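Reader: Please show the model, and then I will ask about particular side chains.

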Amino acid sequence: MKTEPASPPGLVISSTEGIRVFLSTASEDPHLSPELRQIASDLSSQGNVPYKLLRALWFASRTSTRPALIQLFSGSEFVFTSPKPREKSEELKARLRKLEELAERNAYQELVKDITPKKDATEPFSSYKDQLGFGLHVVVMMFTSYLVGYAAFRALFNHSPAMNAAGGILGLVGGMLVETLLFIIRTSNQDHRSSSSASKLKKNQ
């Protein structure tokens, strides 16, 4: 059983009747080395022939037994082979899967955005920044209320230390009550807006 020789990289041409006759003659030419005769014998049964091997056989053959190059290549065509597709690395495959999942998730969110209620971005204390801001606001409010009550009682009760302190404490309590009331009002308004949005969404469905 014949084994096909390893084709060297480079130009490949289609085999014609003239090429097959030349290869058959070269396989029996005693002037050629056994290796070249074996290559010629193997190539004679193939549909495509590497140009480098065919040229090597033509140059090694005797002038009296080899055809002219123009005659040898007459009717032959170039054979182009597609390069082997480059395989994707596992890292690239994983990244492509993540991008595909992200694209599907975004497409789904875009599809259901009209029927899914939106999250309330103004929810109180939803972040550390809001908590810190509210805490500073309460501290400033209490300090201001204490100073106002302290100054008011100082003017009314003729610079009495005990009454001045009582006025500051009273102002502090009053400020806390006002701040609590304002917080309740803000929370109630937000709950009301959320309920209204949910009701409109149910009606649209």
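Reader: Is Phe59 buried or exposed?

Author: This is a predicted model, in which local features need pLDDT of at least 70 and side-chain atom pairs count only at pLDDT 80 or more, while totals for chains, interfaces and linings use all residues. Residues are numbered from 1 along each chain as its sequence is written, and side-chain values use heavy atoms, with hydrogens and water left out. Buried means under 20% relative accessible area, exposed over 50%, and partly exposed in between (1.4 Å probe, protein chains only). The relative accessible area of Phe59 is 55%, so Phe59 is exposed.

Reader: Which residue forms an aromatic pair with Phe59?

Author: Rings of Phe, Tyr and Trp (its six-membered ring) pair if their centres lie within 6.5 Å; planes under 30 degrees apart count as stacked, over 60 as edge-to-face and the rest as tilted. The whole structure has 1 aromatic pair. Its centres are 5.2 Å apart with 85° between the planes, which is edge-to-face, and the partner of Phe59 is Trp58.

Reader: Which charged end sits over the ring of Trp58?

Author: Trp58 is itself buried, at 11% relative accessibility. A charge sits over a ring if NZ of Lys or CZ of Arg is within 6 Å of the ring centre and within 35 degrees of the ring normal. Here the charged end is 3.9 Å from the centre of the Trp58 ring, and it belongs to Arg66.

Reader: Which residues is Ser61 in contact with, leaving aside its neighbours within four places in sequence?

Author: Ser61 lies in the loop between α3 and α4, where helices (H or I, at least four residues) and strands (E, at least two) are DSSP runs numbered from the N terminus. At 6% relative accessibility Ser61 counts as buried. Contact means heavy atoms within 4.5 Å, and by that rule the residues are Phe22, Leu32 and Arg66.

Reader: Why are the buried residues of α1 on the same side of the helix?

Author: In α1 (residues 17-27), the buried residues are Ile19, Phe22, Leu23 and Ala26. The arc is that of the directions from the helix axis to the C-beta atoms. These residues are on the same side of α1 because they cover an arc of only 95°.

Reader: What is the N to O distance in the salt bridge of Arg20 and Glu17?

Author: A salt bridge is a side-chain nitrogen of Lys or Arg within 4 Å of a carboxyl oxygen of Asp or Glu. Arg20 and Glu17 are 3 residues apart in helix α1, so about one helical turn separates them. Their side chains meet with an N to O distance of 3.4 Å.
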